[in-house]
Each structure stands twice: as structure tokens, then as C-alpha cells.
Amino acid sequence: MLEKAFVGGRKYWLLIACLLGVIGVGFIMWLWQFRVGLGITGMSRDVSWGFYIGQFTYLVGVAAAGVMVVLPYYLHHYKAFGRITILAEFMAIGAVSMCLLFILVDLGNPVRMINVLLHPTPRSVLFWDMIVLNGYLFLNIFVGWNVLSAERKGSPPPGWIKPFIYLSIPWAISIHTVTAYLYAGLPGRGFWLTAIMAPRFLSSAFCAGPAILILLCLIVRKTTKFDPGKEQIRTLGSIVTYALVLNVFFFLCELFTVFYSQIPGHMHHFHYLFFGHEGHVVKLVPLMWLAFACMTAAIVLLVIPVTRRNEGILTVACVLTVVGTWIDKGFGLVVGGFVPNPLERITDYWPTVPETLIALGVWATGFLIISLLYKVATSVKVEVGAGQA
């Protein structure tokens with residue numbers, strides 16, 4: 001089936017060429033970072049996690065969101081999702097690949113990754129993060145490819161694949177829960193020290209991931225002969241609605257706890273992000289307000305059935321959801337936890353140009369993987385006569 005990824009029209013190859021170009025620029029910047037060190041980034045002793053780890057955190061959620069399609073289809077026999085299950089699994093493969101690459105570039109030197117294998121310790125959350133991420137990547141590749149192969153042969157998936165499918169469901173929850181514990185397990189960081197960090201992560205994942213999947217489905221419908229189906233997109237829209245409302249509700253719960261208790265160390269992070277703190281009015285302030293404006297507008301568009309069922313308005317709502325959650329989780333969450341530091345010192349952070357280009361290169365790599373896999377999947381669907389819904 002892999003040969004289908006190398007057959008396409010002019011627009012397909014133009015997309016591949018553009019992605020390879022961005023990857024090339026990012027790789028050159030990474031070589032520079034490898035030679036000079038992480039000093040070319042905006043990170044510092046006080047802000048040791050930056051744009052790279054923010055993207056990693058966001059994309060773990062996108063990968064985990066595949067379970068919102070796999071679970072209803074395999075556990076609750078919601079047959080409509082059978083048309084898009086493979087698209088969700090392949091999106092998860094691209095997202096996890098990006099997660100691993102962001103960890104790689106954040107380490108500065110890839111050799112440091114070997115330390116986790118040479119000195120494994122179950123007491124480290126990072127050790128468990130390595131296991132769940134690589135395991136989830138393997139499960140999605142293994143399950144997705146075998147299910148698609150069976151569909152091409154016109155037969156149901158083999159029985160022995162079902163245990164791996166069922167295993168992938170709790171595994172998807174685990175990858176984002178372990179990532180949340182990486183933050184919530186740091187007692188010196190008041191911004192992250194909350195028991196609902198994992199629920200907040202999951203709620204944002206289950207709105208951002210399906211929103212991206214809806215956009216991908218609409219692109220697939222427009223550019224290929226395969227139609228993912230209107231019912232499938234509508235159901236995904238309902239999932240985005242509930243998850244987005246929960247995400248904002250959890251954030252408001254955080255605000256109540258922090259400001260009603262009046263703990264200065266916890267309040268300063270919110271002040272810094274939304275108003276600036278002690279004279280530091282940073283670039284993040286308008287971005288954070290923009291994030292919550294986007295999420296609020298998206299909720300208004302999604303909770304009204306008439307607007308949610310209109311695919312044009314649903315597209316706008318999904319874009320607003322992705323932008324809002326990306327700023328909040330892929331940027332504000334990481335920076336807000338480090339600034340101010342436990343000694344009340346403020347060290348501002350903003351990603352540098354090389355850092356941004358490296359991140360764009362990683363994103364392009366992920367979209368290249370998704371593009372190639374989607375080309376294979378849609379070609380097989382059309383070949384077996386499942387093109388039109």
C-alpha cells in the first residue's frame with residue numbers, strides 16, 4: 001500500500017515540496033543549534049522549558065484525541081465513525097512523531113536521550129512518558145496499518161488485532177495524563193500545582209484534537225474523491241462543543257481557587273499572563289486575551305445547533321478552537337509556570353527566530369507524515385468503493 005503515497009497530482013507534489021522546504025530550513029537551524037547550543041533559543045536558567053516543550057504538550061493532546069473516534073467505534077459500535085477511524089489513527093501517528101521530535105530538539109544534544117535508556121528509573125515521570133509515547137506510536141502504526149490492509153482485502157480486521165485496539169484506548173488517556181503529571185509534580189511551581197491539571201489537559205485535548213480532525217476531514221473531502229461523511233463531522237462537532245465548555249469551566253475553577261484563597265505565589269502567574277506583573281507587560285498579555293476571546297467565540301458558535309450544523313460556521317469555530325487552545329496550552333501554560341520563579345524573580349521569555357524555524361520544521365515533518373498516510377488511506381478507501389458517504 002505504501003506505493004500509493006508516491007502517486008499524486010501536481011498540487012499533491014507541490015504540497016510535499018513545500019513541506020520538505022520548511023523541514024530543510026528547520027534542519028539547518030537545528031544543525032546550528034547543535035553546534036552552538038541552546039543559547040540560540042530564548043530559554044534561560046529561569047525559563048528552562050520554552051516553545052519546544054509547549055508544542056510537545058499541545059501535540060500530546062492532539063494525539064490522545066484519536067481515542068474520541070476509536071472508543072465510540074470499537075466499544076460502542078457507532079458504525080458511522082468507521083469511515084474516519086483510520087484518519088484519526090494516522091493523525092495520532094503524525095502528532096506523536098512531532099512530540100518525540102520536539103523532545104529531541106529541546107534536549108540540545110540527541111545523545112542525551114540515551115541516558116533515559118541507560119539509567120532507567122521508574123520513580124521518574126520522564127521515564128514513564130518515554131514508555132507511553134513510544135508505545136502509543138507503535139500501537140497506532142500497528143493497528144492502523146493492519147486495519148487498512150484488511151479493508152483493502154475486503155475482509156474484517158483480524159481477531160488478534162482487537163486486544164491491541166482495546167489497549168490503545170486507555171493508552172491514549174495515559175499519554176496525556178503522564179504529561180500532565182510532569183507539570184503537576186513540581187511543588188515549587190504554583191501555576192501547575194493543581195489536582196485538576198490532568199483533567200484540564202484531557203478536556204483541552206478532546207476539543208483541540210477533534211477540531212483539527214474536522215478540518216482535516218474537510219480538506220480530504222475537497223482534495224480527494226473520499227468523503228468522510230456529514231454525520232461523522234457533525235458528531236465530532238458535538239464532541240468539540242462539550243470538551244471546549246469543560247476546558248473553559250476547569251480554567252474558571254482554577255481562577256476561583258487561586259483568587260478566593262489569595263495565595264500570592266499562585267496569583268502572580270495569572271497576573272503576569274493577563275495583565276503583566278511588577279511593570280513587566282509582556283507580549284503574552286494580548287495573546288492570552290486573544291486565546292480566551294477565541295474560545296469564548298467558539299463556544300457561542302458551537303452551542304447553538306443551527307450554527308454548529310452549518311459546515312462553514314463549524315470550520316470557523318474549529319479554527320478559533322485550535323488557535324485559542326494552542327495559545328493557552330502551547331505557549332501560556334509553559335511560560336506562565338516559570339514566570340515569576342519561586343524567588344519572585346521575573347525573567348521574560350520569547351522564542352527566537354531560529355527556535356521558531358526549528359519548531360516550524362518539526363510541524364512540517366508531522367504534516368508530511370500525515371499527508372503521506374492520508375494519501376494511502378484515501379486511495380485505499382476509493383479503491384474499495386468507499387469514496388462517497
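Figure 1. Phe 142 counts as partly exposed because its relative accessibility is 25%. Phe 138 also falls in the partly exposed class, with a relative accessibility of 48%. A search of the whole structure, which is a predicted model, returns 30 aromatic pairs. Phe 138 and Phe 142 form a stacked pair, with 5.5 Å centre to centre and 15° between the planes.

Figure 2. Distant parts of the chain are linked here: Phe 251 belongs to helix H9 and Phe 270 to helix H10 (residues 264-274), 19 residues apart. Both Phe 251 and Phe 270 are buried. The two also belong to one aromatic cluster, together with Phe 191, Phe 259, Phe 274, Phe 275, Trp 289 and Phe 292.

**Figure 3. Close-up of the largest cavity and its lining.** The structure holds three cavities of 30 Å³ or more, and the largest cavity contains about 110 Å³ of space. Its lining is made up of Met 197, Arg 200, Phe 201, Ser 204, Asn 247, Val 248, Phe 251, Phe 292, Met 295, Asp 328, Lys 329 and Leu 333. Two or more of these residues come from each of helix H8 (197-223), helix H9 (230-261), helix H11 (284-303) and helix H13 (311-338). Helix H8 contributes the most, with four residues. By class, the lining comprises seven nonpolar, two polar and three charged residues. Of the lining residues, Phe 251 and Phe 292 are also members of the aromatic cluster. Lys 329 lies over the face of Phe 201, at 4.9 Å from the ring centre.

**Figure 4. Close-up of the second largest cavity and its lining.** This cavity contains about 60 Å³ of space. Among the residues that line it are Gly 66, Val 67, Glu 89, Tyr 136, Asn 140, Ser 168 and Ala 172. Helix H3 (67-74), helix H6 (125-152) and helix H7 (162-184) each supply at least two lining residues. The largest share, four residues, comes from H6. The lining divides into seven nonpolar, three polar and one charged residues.

**Figure 5. Close-up of Lys 375 and Tyr 12.** Lys 375 lies over the face of the Tyr 12 ring, at 5.5 Å from the ring centre.

Methods. Residues numbered from 1 in each chain as written. Predicted model: local features only at pLDDT ≥ 70, side-chain atom pairs only at ≥ 80, totals over all residues. Heavy atoms only, no water. 1 Å grid on protein atoms, 1.4 Å probe; cavity = no way out; pocket = protein on both sides within 12 Å on 5 of 7 lines; lining within 4 Å. Points joined across faces, edges and corners; volume = space filled by probe spheres on them. Nonpolar A, V, L, I, M, F, W, Y, C, P; charged D, E, K, R; others polar. Phe/Tyr/Trp six-rings, centres within 6.5 Å; stacked < 30°, edge-to-face > 60°. Buried < 20%, exposed > 50% of the residue type's maximum accessible area, 1.4 Å probe, protein only. Lys NZ or Arg CZ within 6 Å of the ring centre and 35° of its normal.
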